[in-house]
Amino acid sequence: MKMKIFIIGGPGSGKTTLAQNLSKQYHIPHFDLDEINWINENGKFYGHKRDKKERSLMLDNILTSHSDWIFEGVYFKDWIDPIIEQADKIIILTPSNWLRCYRCFKRFLKRKLGLEPSPHKETFISFLKLTLWNHNYDSCLEVFRQKLKDKNLNDKIEKNL
């Protein structure tokens with residue numbers, strides 16, 4: 001059975017946890033869109049976006065070399081259109097803003113205390129920027145929902161969690 005899943009939600013919504021669990025359960029790879037959108041060399045902070053052409057090539061390579069996949073991320077712009085068009089299911093995670101912020105803070109503390117590995121160098125300033133951006137993310141989800149509606153892809157939505 002073919003399985004292509006896209007999970008979207010704000011920071012701290014549970015995307016990575018759900019993607020990892022589904023990946024283990026169904027034995028299919030999952031991909032974090034941050035790793036495609038941002039340059040993360042030698043554990044340095046995600047400070048620079050990839051060139052659009054390089055990002056597109058990375059995404060195309062994944063889409064063409066895997067029959068099954070799970071993508072997860074906060075992104076809703078046009079560069080993810082191939083993902084949403086090919087996805088069998090789209091899962092939109094919508095916990096409250098305060099729960100997302102709490103989870104981000106908890107993750108930040110665990111990483112600072114060395115209890116959880118960090119994919120990049122995090123600072124208190126980067127945490128504050130993430131928190132501020134997170135407060136506006138719900139309006140981004142509305143843009144994404146409209147995109148799905150405009151492309152007649154609403155039937156792919158598994159459920160809003």
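**A walk through the fold**

Read along the sequence, this protein runs β-α-β-α-β-β-α-β-α-β-α-α-α-β. That comes to 7 helices and 7 strands. Helices here are DSSP runs of H or I with at least four residues, strands are runs of E with at least two, and both are numbered from the N terminus. The model is predicted, so local features need pLDDT of at least 70 and side-chain atom pairs count only at pLDDT 80 or more, while totals for chains, interfaces and linings use all residues. Residues are numbered from 1 along each chain as its sequence is written, and side-chain values use heavy atoms, leaving out hydrogens and water.

Start with the whole. The C-alpha atoms fill a box of roughly 40 × 35 × 30 Å, taken along the principal axes. Of the 161 residues, 42% are buried. Buried means under 20% relative accessible area, exposed means over 50%, and partly exposed lies in between (1.4 Å probe, protein chains only). A contact means heavy atoms within 4.5 Å.

Now turn to helix α3, residues 52-65. Its 14 residues should span 20 Å at 1.5 Å a residue, and its end C-alpha atoms are 20 Å apart, which agrees. The expected span is 1.5 Å times one less than the number of residues. At the start of α3, a side-chain oxygen of Asp-51 comes to within 2.9 Å of the backbone nitrogen of Lys-53.

Which residues of α3 are buried? They are Arg-55, Leu-59, Ile-62 and Leu-63. These four cover an arc of only 95 degrees around the axis, so they sit on the same side of α3. The arc is that of the directions from the helix axis to the C-beta atoms. An α-helix has 3.6 residues a turn, so residues three or four places apart point the same way. The cover over the buried residues of α3 includes β2 (30-32), α2 (33-37), β5 (69-73) and α4 (81-86). On the other side of α3, Lys-53, Leu-57 and Thr-64 are exposed.

Finally, look at Ile-28. It lies in the loop between α1 (15-26) and β2. Is Ile-28 buried or exposed? Ile-28 counts as buried because its relative accessibility is 8%. Leaving aside neighbours within four places in sequence, Ile-28 is in contact with Met-3, Ser-23, Asp-68, Trp-69 and Ile-70. Leu-128 is 100 residues from Ile-28 along the chain, and their C-alpha atoms are separated by 34 Å.

Note on methods:
A polar contact is a pair of N or O atoms within 3.5 Å; within protein, one must be able to donate a hydrogen and the other to accept it, and residues adjacent in sequence count only if both atoms are side-chain atoms.
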